[in-house]
Amino acid sequence: AYVDVPVGVMTEDADGGGHFTAVTLHPRVTLSDEERRYDADALHARAHEKCFVARSVNFPVGVEPIGS
């Protein structure tokens with residue numbers, strides 16, 4: 001299972017508009033076989049590197065996993 005609680009930081013402009021300056025993902029992954037934790041962590045890191053959304057925005061996207 002995969003659940004995420006992302007948190008974004010937004011800056012408001014003088015004209016009332018705004019934009020995100022950073023987003024941090026807080027994934028919680030539950031594995032049916034905890035012995036595969038290393039594999040899951042490696043796959044998640046690779047997926048984040050190749051993530052279309054994270055690579056398309058002009059602010060950093062961090063990842064801070066939450067223990068399962």
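## Salt bridges

Glu-34 has a relative accessible area of 46%, so this residue counts as partly exposed (buried means under 20%, exposed over 50%, partly exposed in between, with a 1.4 Å probe and protein chains only). The model is predicted: local features need pLDDT of at least 70, side-chain atom pairs count only at pLDDT 80 or more, and totals for chains, interfaces and linings use all residues. Residues are numbered from 1 along each chain as its sequence is written, and side-chain values use heavy atoms, with hydrogens and water left out.

The side chain of Glu-34 forms a salt bridge with that of Arg-37, at 2.9 Å from N to O (a side-chain nitrogen of Lys or Arg within 4 Å of a carboxyl oxygen of Asp or Glu). The whole structure has 2 salt bridges. Asp-39 and Arg-36 also meet in a salt bridge, with an N to O distance of 2.9 Å. Asp-39 is partly exposed at 32% relative accessible area, and Arg-36 is partly exposed at 47%.

## Sheet

Strands β2, β3 and β5 form an open sheet in the order β2-β3-β5, with mixed pairing (strands are DSSP runs of E, at least two residues, and helices are runs of H or I, at least four, numbered from the N terminus). Two strands pair if DSSP finds at least two bridges between them. β2 (7–12) and β5 are the edge strands, each pairing on one side only. From one strand to the next, the twist averages 20° (axes are lines fitted to C-alpha atoms, and angles run from 0 to 180 degrees between N-to-C directions).

β3 and β5 run parallel and are joined by 3 bridges. Val-23 has Val-61 of β5 as its bridge partner.

## Aromatic pair

The structure contains 1 aromatic pair (ring centres within 6.5 Å; planes under 30 degrees apart are stacked, over 60 edge-to-face, the rest tilted, with the six-membered ring used for Trp). The ring centres of Phe-20 and Phe-59 are 6.0 Å apart and the planes are at 45°, so the pair is tilted. Phe-20 belongs to strand β3 (residues 18–25), while Phe-59 is in the loop between α2 (52–56) and β5 (61–63), so the pair ties together parts 39 residues apart in sequence.

Phe-20 is partly exposed, at 41% relative accessibility. Phe-59 is buried, at 16% relative accessibility.

Val-53 lies in helix α2. This residue is exposed, with a relative accessible area of 56%.
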